[in-house]
Amino acid sequence: MDPAIRHGYPRPQLRRADWLSLNGAWRFRFDDDGRLGRPDEVAQWPLEITVPFPPEAEASGVGDRGFHKACWYQREFELQPGSDRVILHFGAVDYAARVWVNGHLVATHQGGHTPFQADITQALDPGGRQTVTVRAEDDPHDLTKPRGKQDWQLEPHSIWYPRTTGIWQTVWLERVSPVHIRKIRWTPRLDSFALGIEALVEGDTGADTSLELELRHGERLLARDRYRVVDGEVDRLVVLSDPGIDDFRNELLWSPERPTLLEARLRLWCDGKLVDEVESYTALRSANVLRDRFMLNGRPYVLRMVLDQGYWPESLLAAPSDDALRRDVELAKAMGFNGVRKHQKIEDPRYLYWADRLGLLVWEEMPSAYRFTRTAIERTVQEWSEAIERDYSHPCVIVWVPFNESWGVPELPTVRAHRHAVEALYHLTKTLDQTRAVIGNDGWESSATDIIGIHDYDSNIEHIRQRYGPEVEPEKLFDRRRPGGRVLTLDGYPHRGQPIMLTEFGGITFQARAEAGVKKIWGYTEVTDEETFAQLYEQLLQTVIYTALFSGFCYTQFADTFQEANGLLHADRTPKIPLERIRRITSLSRTYIQGGV
């Protein structure tokens, strides 16, 4: 399928009819010395690349995994200027981007996982033939930038994978009115059976500008309101008719078992004239912590998650297609999980769209920098804030995780600045989003956190029972248990009754067949045949589920990822054991926990 159309609408919660994908063939070149500074300095374009796949990926047509500090892209497109504005969007460019249109600098951005845009109207050529040029700088050895699982060594090793440089999400254009809706933000308020809507309007709104909202559940009209735009903003609470009784209420609530979405149409009116119209969606749901349990829609809910690295063999961090993103959501549900922990990656919004639509909970985690410096923290704060803003309105997102396993803050027990960084990111996240739980640092060395996550890859089920069984009091658990040689909680942050979850475990390595390009596999516990793999998986799942201390779990992992061969699926997403068997193991666990705890 043509890359220009196979990746789906790139901003699913604010959709317009008039848009153009710029995915596909671009001219390309590396700039290893970083000497080229402007488009007119680029004399030769020796390569062609298929956007949005990074040059390290085979799907890009380049497939070069060497060390490259910078690279350049260029292509033409036809667009006749008119009375409207033209906005150029980039889903993600790793790491620092500069963008020119017809030789005019129109945008700069830093951060490899978050979107940016530019109004390019003034840079357009009246003749209709336009040229866009992009320079991406991504030093492969810089450990002070958020990079997640991208390896700093030439060849992937241990739990790190090939690098992703430059453009790796959709590039696209849209035409908008000079006065248009720039942003929509939804906040469900289940306690009052209402939805908060914030809208930002760009342009000269004048004295008589209003926003019309129509909200539906299928064919049923839930609300039709109109609000005056004041100072370019609308901030209102849409109160729905509350049926009161749970059975009736549940028809409108979103959950993995019943992912009810409410479709919204918004129209912007200026002086009686319709100037903009967009489609969106939202959902009624709450996600919070109450004492030692995670709560979904006001009821205790056991999280049965799988860790998902979000890589593909042929395209790396970039999804092969929108169908591939949907298939990953479907496979997680088919294996009996109700959620995923997206590990060290801010995933493509299309994945979140399918998780919203099909019903899959998502923990969103910030990709780590690996050195502790002022620059690293400044970069993390900026990019994490942008990620929260981008994904705030997705009902599937239920937990934010700014740090993992003390990566980037390695001396938490002894260095106050490291602790302050985790605490600051926790409180910043709670400030930007007051509706979701936040884990300051997942795995160990917890301080400021709403959930205590434990990472423990011991495959001996008797050890798991002895560490976390009913005879173990939580206070003693935190005094003596040291997974990875680390304390579970820092001094001054004792367990305060928060939910305790086993957020990484398993990691059973089973390579049933050779994978292309993988010379040596890596994992935590290796088995050599399908039946042993299935039995150990079942024993671990049953042991963890029967442990009442845990209010949820996250199994490692969804799919093999390069040399890390501990997935339930092969790298190409085919199952290592029948999906029905995986689902039966997980579903039996779900029945027990819902009925017995």
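A salt bridge here is a side-chain nitrogen of Lys or Arg within 4 Å of a carboxyl oxygen of Asp or Glu, and a search of the whole of this predicted model finds 45 of them.

**Salt bridges**

Begin by selecting Arg27 and Glu76, which form a salt bridge whose closest N and O atoms are 2.5 Å apart. Arg27 belongs to strand 2 (residues 24-30) and Glu76 to strand 4 (residues 70-78), so this pair ties together parts that lie 49 residues apart in sequence.

Next select Asp138 and Lys145, whose side chains meet in a salt bridge with an N to O distance of 2.3 Å. Are these two residues buried or exposed? Asp138 has a relative accessibility of 6% and therefore counts as buried, and Lys145, at 3%, counts as buried too, since the cut-off for that label is under 20% relative accessible area.

Move on to Glu214 and Arg216, where the side chains form a salt bridge at 3.1 Å, N to O. Here the two partners fall into separate classes, because Glu214 is buried at 12% relative accessibility while Arg216 is partly exposed at 25%.

To finish this part, select Arg15, Glu212, Arg265, Arg267, Glu277 and Glu279 together, for these residues are linked in a network of salt bridges.

**Aromatic rings**

The structure also holds 26 aromatic pairs. Select Tyr353 and Trp354, whose ring centres are 4.9 Å apart and whose planes stand at 70°, so that the pair is edge-to-face; Tyr353 and Trp354 are both buried. Then turn to Trp522 and Tyr524, another edge-to-face pair, with 4.8 Å from centre to centre and 75° between the planes. Trp522 is partly exposed, with a relative accessible area of 26%, and Tyr524 also counts as partly exposed, at 32% relative accessibility.

For a group of rings, select Trp26, Phe28, Phe30 and Tyr73, which form one aromatic cluster.

**Charges over rings**

Notes
Residues numbered from 1 in each chain as written. Predicted model: local features only at pLDDT ≥ 70, side-chain atom pairs only at ≥ 80, totals over all residues. Heavy atoms only, no water. Phe/Tyr/Trp six-rings, centres within 6.5 Å; stacked < 30°, edge-to-face > 60°. Buried < 20%, exposed > 50% of the residue type's maximum accessible area, 1.4 Å probe, protein only. Helix = DSSP H or I, 4+ residues; strand = E, 2+ residues; numbered from the N terminus.
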